[in-house]
Structure formats: structure tokens, C-alpha cells
Amino acid sequence: MKNEHITFHRGKVSRNDRFSVLGQKGVAVWMTGLSASGKSTIAVETEKILIGMGKAVYRIDGDNLRHGLNSDLGFSEKDRFENIRRAAEVCALFVDAGLIVLASFISPLASMRSLAREKTGDSFIEVYVKADVETCCKRDPKGLYKKARAGEIPDFTGVTAPYEVPPSPDLVLDTERYSIEDCARILADKILQFSALK
Ligand code: ADP
């Protein structure tokens with residue numbers, strides 16, 4: 001709900017001023033893919049590489065936000081949209097602050113990813129972390145696929161809820177073909193190019 005008495009308060013510092021202080025451009029790295037495709041694992045490794053190079057990086061992921069900011073949300077389509085909307089708003093703030101944000105969210109529908117991109121504008125990289133349902137079922141690090149297939153988790157992406165493969169992501173990380181280390185290195189390189197100040 002919009003309040004007509006609220007106005008946007010502008011500061012005297014631009015986002016480019018903040019970017020100069022940090023020596024990098026803020027960027028939202030939006031990682032989408034099935035549960036267990038490797039989003040969080042690759043984000044953790046990529047964060048380590050970039051922090052080691054003196055970059056200002058922050059990682060947010062679906063599970064972590066659901067413990068706090070989004071703890072009131074479930075997995076219905078409406079709640080999933082709200083989950084993404086809030087995550088994207090948070091992401092946009094961090095990007096505006098100048099951070100490289102590694103955001104891992106299944107974000108199963110193309111419309112959810114568009115919503116996220118809309119919030120961040122041109123500082124957005126969509127990364128498709130690719131692994132098919134069979135591979136994810138075999139990995140099943142949290143035992144969720146087993147439960148979903150036994151009917152214990154409703155609306156589970158890839159089992160009882162859809163995942164729309166991104167038609168034109170900015171980067172594909174095929175975790176069936178490449179190791180965790182290779183994926184992290186490829187992603188870190190892409191981010192370094194994108195976040196470099198001209
Ligand atoms: P997500 O965040 O997408 O739900 P996780 O990162 O939590 O996925 O889990 C991915 C699992 O797959 C981890 O147990 C990880 O060790 C394993 N894995 C195997 N190969 C890869 C790879 N090439 N890239 C990323 N994860 C991989």
C-alpha cells in the first residue's frame with residue numbers, strides 16, 4: 001500500500017560515488033536452478049575467491065532469508081512471488097550500496113526472474129545453475145527429493161511444481177559437466193568483468 005505522505009529523500013552522494021570508494025560496481029548475481037543444482041555451493045566458493053581478491057561481496061539465499069525476513073512465507077505461488085519480491089528489493093539495496101550480491105533462489109518461473117531483474121535494472125546477471133532432476137535427486141543433500149517423492153512436501157520444484165528453464169541466461173553453469181571449483185572460477189571471472197570500473 002502506498003502512502004501519499006511519503007516522499008523519497010535524496011542524498012548528496014550518488015551510487016557512482018559509492019562504487020568509486022569500493023573500487024567496483026555493485027551487481028546482482030541471480031542464481032537460479034533446481035534445489036540441489038549447486039547454487040549455494042558455488043556461491044560459497046565464488047564468495048571466497050572474490051573476498052580473497054579484496055572485493056566487497058555478500059551472499060543471500062532463499063533458505064537463509066526464510067529464517068528471518070521471509071519467515072512468514074510458504075511455498076504457494078503467491079508466497080514464492082512475495083519471497084522473490086522481497087529478496088529482489090534487498091538485493092537492489094545492496095547493489096545500490098556497491099556490493100557484489102550472490103543471490104541463490106530457485107526462482108522457478110521466468111516471471112519471478114524478470115521481477116528480480118526489474119528491481120535491479122542493468123546491474124543484473126542471470127546465472128542458470130544447470131543440473132537435471134535425476135542428478136539433483138541422486139545428490140539430494142538435504143533429503144528433500146526423497147520426501148517430495150514420498151508426497152511429504154507439497155509443491156516441490158521439479159517434482160510437483162514446475163521449473164521453467166531460463167531461455168537466455170547471461171551465464172550457464174553446467175554442474176553435471178564441470179566441478180564446483182571450475183564453476184566458481186568461471187562465475188568469478190564473469191563477475192570481475194562485469195563489476196570492473198571503467
Ligand atoms: P542448491 O543451493 O542449488 O539447492 P546446494 O549447493 O545446496 O544446491 O547443493 C548442491 C549439492 O550438489 C552439494 O551437495 C554439492 O556438493 C553437490 N555437487 C556436486 N557437483 C557439483 C557441482 N559441480 N557444482 C555444485 N554442486 C555440486
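Which pocket does the ligand sit in? It's the largest pocket, and keep in mind that this is a predicted model.

**Around the ligand**
- The ligand has 15 residues around it, and the closest are A36, K39, S40, T41 and Y178.
- Going by class, that shell is made of six nonpolar, seven polar and two charged residues.
- Helix α2, spanning residues 39-52, is the top contributor to the shell, with four residues.

**Polar contacts and burial**
- S40 puts a polar side-chain atom 2.7 Å from a ligand oxygen atom.
- On the backbone side, an N or O atom of S37 is 3.3 Å from an oxygen atom of the ligand, and a polar backbone atom of L34 is 3.4 Å from a ligand oxygen.
- On its own the ligand would expose 570 Å², and the protein buries 78% of that.

**The largest pocket**
- This one holds about 800 Å³ of space.
- Its lining comes to 38 residues, with S35, K39, D63, I106 and K142 nearest the centre.
- Helices α2, α3 (62-67), α4 (77-97), α7 (144-149) and α8 (180-195) each give two or more residues to that lining.
- The lining splits into 16 nonpolar, 13 polar and nine charged residues.

**The second largest pocket**
- Here the volume is about 270 Å³.
- Its 14 lining residues include F8, R10, R15, R18 and D96, which lie nearest the centre.
- α4 gives the most to this lining, with five residues, while α1 (15-22) and α5 (110-120) each supply at least two.
- By class, the lining has five nonpolar, three polar and six charged residues.

Methods. Residues numbered from 1 in each chain as written. Predicted model: local features only at pLDDT ≥ 70, side-chain atom pairs only at ≥ 80, totals over all residues. Heavy atoms only, no water. Near = heavy atom within 4 Å. Polar contact = N/O pair within 3.5 Å; in protein donor to acceptor, adjacent residues only side chain to side chain. Areas by Shrake-Rupley, 256 points an atom, 1.4 Å probe, with all protein chains shown as cover. 1 Å grid on protein atoms, 1.4 Å probe; cavity = no way out; pocket = protein on both sides within 12 Å on 5 of 7 lines; lining within 4 Å. Sits in = over half its atoms within 2 Å of the grid points. Nonpolar A, V, L, I, M, F, W, Y, C, P; charged D, E, K, R; others polar. Points joined across faces, edges and corners; volume = space filled by probe spheres on them.
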